[in-house]
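Biologist: I want to learn how to read pockets in a model. Can we go through them together?

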Amino acid sequence: MPSDRTLFQKLFSSRPVILAPMEDVSDAVFRKLCRELDAGLCVTEFVNVEGLLRGCRNARRKITLAPDDQPTAIQIYGSDPDRLAEAAEIAAAAGPSFLDINCGCWVPKIAGRGAGAGWLRNPTAMVEMAAMVVQRVSMPVTVKTRIGWGPESEMPIVELAKRLEGAGVSALTIHCRTAQMGHSGAADWSWAARARSVVSIPVIVNGDIKSAEDAQRALAETGCEGVMVGRRAIEHPWIFREAKALLEEGRLIDPPTPEERIALCKKHLVMNTEERGEPHGVRVTRRHLAGYLHGLPGAAALRRALNACDSLEGCLAILDEALSRRAA
């Protein structure tokens, strides 16, 4: 068995809490921050295979992995099986822990063109595409999908899981909503449990993992090998640390202190600015700041001040002033 498959098996033996692939969120900087906060595994932003095959700069950026950016999977998406298979070879050469195929993104501009969750409209085509990708690369290939397109009364995910395993897919992540639900309504983890019961490959449960307790309950209820955290991580990446403590040690740890929250704001701003320059590095950090500062006295005014400032120096001064007020 190749060493990369051994590594893959070891990843899921510890029931990791995984950072989900999120466009404009799970970039190299945010992956590093989440890994420092005990994310067990990270997945890149989703990479358009057409951009990758054209050598697009943004696609190249997304698949560039630093030596310490491990374990990380590269996720690719597209609607053409041949192009997906071809792009998979390029992505595999970048040295990820494994490759993931996006069959779950519900956004109309992606799913409406047959990519992402659009594959759920034709499960047979999805399975054939996955088999083609598996055959083209030597590393493990996984699939992230949803329980169905919607509004099916009986979701196809259980039978689909068996067929994907038969196609050579090494693991399956299930976002427990339909494509038509988007992010609305409650995720139904029972579908992950049903899929897990019929396959021998690892299954990761995704959807509504908002706390350490949610992670523990999702694993207990489904028997899955891991949980994947998406939107909650954007505002509260400490969830990885909190979940790890509960899952491995059975203890609930204290939430981050105000000082820790402000320190993460500063660190993220500095790292994004080093990576992307000013003012872009400052601006792309803003989506995180409201969550990072949540619960602090005067958080709303502090957030407004940061949102109005495009310079790193200015933002750091605002945050330092907030720290000084706390120390006074």
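Biologist: How much space lies in the second largest pocket?

Modeller: About 380 Å³. This is a predicted model, where local features need pLDDT of at least 70, side-chain atom pairs count only at pLDDT 80 or more, and totals for chains, interfaces and linings use all residues. Residues are numbered from 1 along each chain as its sequence is written, and side-chain values use heavy atoms, without hydrogens and water.

Biologist: What is a pocket?

Modeller: On a 1 Å grid over the protein atoms alone, a pocket is an open set of points where a 1.4 Å probe fits, with protein on both sides within 12 Å along at least five of seven lines. Lining residues have an atom within 4 Å of a point. Points are joined across faces, edges and corners, and the volume is the space filled by probe spheres set on them.

Biologist: Which residues lie nearest the centre of the second largest pocket?

Modeller: A28, V29, A66, D69 and E275, out of 21 lining residues. α2 (28-36) gives the most, with 6 residues. Helices are DSSP runs (H or I, at least four residues), numbered from the N terminus.

Biologist: How does its lining divide by class?

Modeller: 5 nonpolar, 3 polar and 13 charged residues. Asp, Glu, Lys and Arg count as charged; Ala, Val, Leu, Ile, Met, Phe, Trp, Tyr, Cys and Pro as nonpolar; the others, Gly among them, as polar.

Biologist: And how much space lies in the largest pocket?

Modeller: About 920 Å³. Its lining has 46 residues, with P21, E23, F46, N102 and C105 nearest the centre. α11 provides the largest share, 4 residues. By class, the lining has 18 nonpolar, 13 polar and 15 charged residues.

Technical notes:
Helices (H or I, at least four residues) and strands (E, at least two) are DSSP runs, numbered from the N terminus.
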